[in-house]
Amino acid sequence: MRRVVLTSMLAVALFGCSASIEYHPFVGEEQVLKGSGGACETVDGVEMWIKGSPSKPFTVIGYIDGSFTEDIGEEAALKRKIVTQVKAVSGSGVIRISRKSGRGDSYFVGNVLITDTDVKDEYVVFRYQ
């Protein structure tokens with residue numbers, strides 16, 4: 001058992017953090033939008049809308065493509081990177097507009113075959129008026 005735990009820890013250390021984001025600024029005529037509410041969590045002062053959108057007036061300032069491999073702490077790492085980027089562009093939050101998941105890499109830990117799940121999210125970055 002101890003060997004499996006050590007092997008698992010080594011695998012996590014070798015593969016490291018796989019969360020990543022790519023920011024794309026909005027280009028075009030500014031439009032004031034208003035949603036009808038939904039499900040939101042606040043992470044370090046940044047709103048992360050998972051369902052729906054804010055019921056207060058906002059404008060779109062950019063887009064984020066985010067991806068992570070479903071491992072312990074990877075989704076949290078993605079959220080931290082998103083929060084950092086939103087703050088860097090003086091945004092108020094993000095609205096998740098899509099989530100796709102698929103089969104990732106497979107590898108053996110001892111005699112057990114483990115297959116990762118890769119998750120790709122798309123977000124709209126917004127700023128309140």
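Two strands are said to pair if DSSP finds at least two bridges between them, and the elements themselves are DSSP runs, numbered from the N terminus, with helices being H or I runs of at least four residues and strands being E runs of at least two. This is a predicted model, in which local features need pLDDT of at least 70 and side-chain atom pairs count only at pLDDT 80 or more, while totals for chains, interfaces and linings use all residues. Residues are numbered from 1 along each chain as its sequence is written, and side-chain values use heavy atoms, with hydrogens and water left out.

**The whole chain.** Begin by colouring the protein by secondary structure, which comes to two helices and seven strands, in the order α-β-β-β-β-β-α-β-β from the N terminus on.

**The hairpin.** Next select residues 37–43, strand β3, together with residues 46–53, strand β4; the two run antiparallel and are joined by seven bridges. If you pick Glu 41, you can look across to its bridge partner in β4, Met 48. Two residues lie between the strands of this hairpin, where Asp 44 takes a positive phi near 50 degrees.

Which residue of β6 is the bridge partner of Glu 47? Select Gly 93 to see that partner.

**A buried threonine.** Move to strand β5, residues 58–69, and select Thr 59 within that strand. Is Thr 59 buried or exposed? Thr 59 counts as buried because its relative accessibility is 2%, where buried means under 20% relative accessible area, exposed over 50%, and partly exposed in between, with a 1.4 Å probe and protein chains only. The side chain of Thr 59 also makes a polar contact, at 3.3 Å, with the side chain of Gln 129 (a polar contact is a pair of N or O atoms within 3.5 Å; within protein, one must be able to donate a hydrogen and the other to accept it, and residues adjacent in sequence count only if both atoms are side-chain atoms).

Finally select helix α2, residues 74–88, which has 15 residues. Its buried residues are Glu 74, Ala 77, Leu 78, Ile 82, Val 83 and Val 86. An α-helix has 3.6 residues a turn, so residues three or four places apart point the same way. Just after α2, stop at Ser 90, which takes a positive phi of about 55 degrees.

Note on methods. Expected span 1.5 Å × (residues − 1).
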